[in-house]
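Subject: Structure handover

Hello,

Here is the structure for you to look through. My notes on what was found in it follow below.

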Amino acid sequence: MGLLCTPTSSSSSSSSNAVPTLFLICCAFFVSQAFGARTPHPETFLPFIWPLPEKFSYGNETLSVDPALSLSGNGAASNIVREAFERYKGILFKHGDRFGFLRTLRSAYDVNKLSIIVHSNSEELQLGVDESYNLFVSGAQPLSGAGGVTIEANTVFGALRGLETFSQLCSFDYTTKKLQISKVPWSIRDKPRFQYRGLLLDTSRHYLPVNVIKQIIEAMSYAKLNVLHWHIIDEQSFPLEVPSYPKLWKGSYSEWERYTIEDAHDIVNFSKMRGINVMAEVDVPGHAASWGVGYPDLWPSPFYMRKIFPFELFHLGGDEVNTDCWTNTSAVNKWLKNKNMTAEDAYEYFVLKAQNIALTKNWSPVNWEETFNTFPSKLHPRTVVHNWLGPGVCPKAVAKGFRCIFSNQGVWYLDHLNVPWEVVYDADPLEGIQKASEKKLVIGGEVCMWGETADTSDVQQTIWPRAAAAAERLWSPRDFTSGKHAKGTALKRLQYFRCLLNRRGVAAAPVTNYYARTPPDGPGSCLVQ
């Protein structure tokens, strides 16, 4: 674990200049410990934690962590917390004294217990769930010599975020062969900037096996993303089983490129255990060639869909609708004439009818921005407008009282391989919005992994590490991710995070490649690529 310091003087500065600087740093540290964690200046000391916490302070001690680390506190009663604790132990203790040869020497380790305190018994995961947490790592005590680690959160999902941060404080020392926490004591108080921090995954253009989807979800939890937007079906394929319409998944590419009801349940439950909601998308009517176009009565049973996807948001698509196919289809054209409708009227009718179905099942409908651009006054007030075509849509949507998700394709479409990490990092969902009341209506943002040119062979390196750049924008305070030195310090931290992903088995591509997902251009450390 290292700390990143933006230099304030050249390396040739005299030692006399260093003394008062060191004195000021020490004073600042003791003040921070006396009054709790404080927001540091965004251009001075930044730890290698991704995304950066809201407030933190640290010291200069180093503690070792026992491979037999135990879990205590009332959080241990939660299956979600216990399983996460065991997962992170598996991540952290890959080297050294894994088999307990030094465990009889209790003095060999400083930290042998992690306490997790959760203030709510509720484990319901919905939009806006409290993900805040406090993380405290105390220094070695005078008598026992032991240190302590405590995570305090209002919900189990805040505890999960705290566990991820704790894991990033730890690093393996290859000299002592122990897991260590540097810069102790730590005091971290953290919460997300936005409640919706998403990744779209397209499994229609290319089928992704369930285990690959799970690997992506696992990596999302490392970056504290919290919504998987599952673009399950599109005009190319319909891979999802729908019991009420058993022939629909005949639109899949093949019999084995499909998701059963049990698969979908498994993915949703796997995600929840990591604090991630799954928002399903049935993109109609413009992307429904795989199961029927322009027929509002041909709709998968809301009953089954609601049971599988409990998240309160359901994406109904509504983008890129070519109404010519309706007027050129005799049966549909006849229906239009009987209803005295134009094709444009039918587009509106279809979207609003689909919204009504979702609303009756207590889903809040999410629609791509074309619906807002075409008939904003007709959309239900609970509609969430999903921006993608370009900038300036969220300001217009929130001005009319709608909630909005930011996914401007010029900056947050991951299939655009020529968009570098710094462009992703610079984008901000609140751009162009001034009123505080309207800023609250931007629930967050989402990077989109469209699957036309990505499959199992390259999807991870197309997503990472650029998705992590957006993840920090969505989690960390704006002050940390802006300013004249922000991108310089962010680059080093992002390269470190990319190394962390690689160590955890995630095929994240080099940060600085001109084209995303391409291999390194030569030998070198992952810390500089």
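Start with Asp 202 and Arg 205: their side chains form a salt bridge, at 2.9 Å from N to O. A salt bridge here is a side-chain nitrogen of Lys or Arg within 4 Å of a carboxyl oxygen of Asp or Glu. Asp 202 and Arg 205 are both buried. Buried means under 20% relative accessible area, exposed means over 50%, and partly exposed lies in between (1.4 Å probe, protein chains only).

Before you read on: this is a predicted model, where local features need pLDDT of at least 70, side-chain atom pairs count only at pLDDT 80 or more, and totals for chains, interfaces and linings use all residues. Residues are numbered from 1 along each chain as its sequence is written, and side-chain values use heavy atoms, with hydrogens and water left out.

Lys 214 pairs with Asp 266, with the closest N and O atoms 2.7 Å apart. Helices (H or I, at least four residues) and strands (E, at least two) are DSSP runs, numbered from the N terminus. Asp 266 is partly exposed, at 32% relative accessibility.

Lys 378 and Glu 348 also meet in a salt bridge, at 3.1 Å from N to O. That pair links distant parts of the chain, 30 residues apart: Lys 378 is in the loop between helix 10 (369-374) and strand 16 (384-386), and Glu 348 is in helix 9 (residues 343-360). Lys 378 is partly exposed, with a relative accessible area of 45%.

There is also a salt-bridge network, made up of Arg 193, Asp 428, Arg 473 and Arg 478. The salt bridge count comes to 17.

Core and buried helix

The largest nonpolar core has 132 residues. Such a core is a set of buried Ala, Val, Leu, Ile, Met, Phe, Trp, Tyr and Cys residues joined through side-chain atoms within 4.5 Å. Helix 4 (residues 210-222) gives the most to this core, with 8 residues. Ile 181 and Trp 186 are among the residues with the most contacts inside the core. Ile 181 touches Trp 186, and its other contacts (heavy atoms within 4.5 Å) include Leu 63, Val 137 and Phe 166. Another core, of 10 residues, lies apart from this one, and Tyr 196 and Val 366 are among its members.

Which residues of helix 16 are buried? All 10 of the 10 (residues 466-475) are, so helix 16 is largely enclosed by the rest of the structure. Among them are Arg 466, Glu 472 and Arg 473.

Best wishes

How values were computed
Lists of a residue's contacts leave out its neighbours within four places in sequence.
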